[in-house]
Amino acid sequence: MRRVLSRLVSVVALPTVLVTVWWVASAGSTDVYWPPLRTILETFPDVWTTERLRADVLPSVLRLTGGYLLAAVVGVLLGTVIGSYRWVRAVCEPVLEFLRAVPPPVLVPVIMLFAGIGDTMKVTVIASGCVWPVLLNTVEGVRAVDPVMTETARCYGITGTARLRHLVLRSASPQIFAGLRQALSIGIILMVISEMFAASNGLGFTIVQFQRGFAIPDMWTGILVLGLLGFLLSVVFRLVERRVLGWYHGLRASTRRSP
């Protein structure tokens, strides 16, 4: 019980301090662009009604989910192939280094030419940025598979799909999840950026509309929604990671306890 309370305090301590500082620092503000936190919180329930959540937040989450899952599948598949074969890595590396250096927001106008201005464009923009951390971490994870385990699997006749599933992907899964965690934050950023171009709904579109209409407290409430969304997605990701990588975290814990 004491451990749970200690962890809870460590989680809420910094956010509580930051909110308190924000509340005190903005309490007497008369700047139109820096309204008091009290005003923002009072505006929040009036702006983010159930109807607006359904009209703006839900489409954003669906686009983010589509682009993120597409990037995860493509990144893991390509990363496994590139990491498994040295000659494929030698051929693809120059092209990959070139493409990863191009910022995804720069590609938005180009993607709009081919994918239009609908949800396909937004999902493609998200996927184009999220795929790189997944791909590169998968490549490194596959390359780092223990040679002794590889040789043991060969001696026992474990080949093909069984070898890929039980040895390669399982050994590389900690690094794959590290890439997926990085991709999640990138996906949220690209979700907002993609919705600022020729959109009619979504969080990015709504925040820009508030800004253009000088509804500054409303704009700040949108930023708070983005922060809360990122926090909730991070919690969900951590729960999934703990379940999938339970063996890995258990191994690390037992290693730390051993003398």
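This is a predicted model: local features need pLDDT of at least 70, side-chain atom pairs count only at pLDDT 80 or more; totals for chains, interfaces and linings use all residues.

Biologist: What makes the pair Asp-119 and Arg-63 a salt bridge?

Modeller: The rule asks for a side-chain nitrogen of Lys or Arg within 4 Å of a carboxyl oxygen of Asp or Glu. For Asp-119 and Arg-63 the N to O value is 2.9 Å, so the pair meets the rule. Asp-119 lies in helix H6 (residues 119–143) and Arg-63 in helix H3 (residues 50–84), so the bridge ties together parts that are 56 residues apart in sequence.

Biologist: Is Arg-63 buried or exposed, and how do you know that?

Modeller: Buried means under 20% relative accessible area, and Arg-63, with 6%, is therefore buried.

Biologist: Why are Glu-140 and Arg-143 said to be separated by about one helical turn?

Modeller: The reason is that Glu-140 and Arg-143 are three residues apart in helix H6. Their side chains meet in a salt bridge at 3.7 Å, N to O, which again falls within 4 Å. Glu-140 is partly exposed at 39% relative accessibility, and Arg-143 is partly exposed at 47%. Elsewhere, salt bridges that share partners join Arg-63, Asp-119 and Glu-195 into one network.

Biologist: What is the nearest side chain of opposite charge to Arg-89, and why is no salt bridge assigned to Arg-89?

Modeller: That side chain is Glu-93, at 5.9 Å, and because a salt bridge has to fall within 4 Å, none is assigned to Arg-89, although this residue is buried. Arg-89 sits in helix H4 (residues 86–100), and, leaving aside neighbours within four places in sequence, Arg-89 is in contact with Ile-82, Gly-83, Val-139 and Arg-143.

Biologist: Why is Phe-214 called exposed?

Modeller: Exposed means over 50% relative accessible area, and Phe-214 has 59% relative accessibility, so the label applies. Phe-214 belongs to the loop between helix H9 (203–212) and helix H10 (216–244), and the phi of Phe-214 is near 55°, a positive value in a residue other than glycine.

Biologist: Which residues make the nonpolar surface patch of about 390 Å²?

Modeller: Leu-14, Val-17, Leu-18 and Val-21 make that patch, and Leu-18 is placed in helix H1 (residues 2–26).

Terms used: Residues are numbered from 1 along each chain as its sequence is written. Side-chain values use heavy atoms; hydrogens and water are left out. Helices (H or I, at least four residues) and strands (E, at least two) are DSSP runs, numbered from the N terminus. Buried means under 20% relative accessible area, exposed over 50%, partly exposed in between (1.4 Å probe, protein chains only). Lys and Arg count as positive and Asp and Glu as negative; His and the chain ends are not counted. Contact means heavy atoms within 4.5 Å. Patches are made of residues with over 30% relative accessible area and no salt bridge: like charges are joined within 9 Å, nonpolar side chains (Val, Leu, Ile, Met, Phe, Trp, Tyr) within 5 Å. Accessible areas come from the Shrake-Rupley method with a 1.4 Å probe; for residues, only the protein chains shown count as cover.
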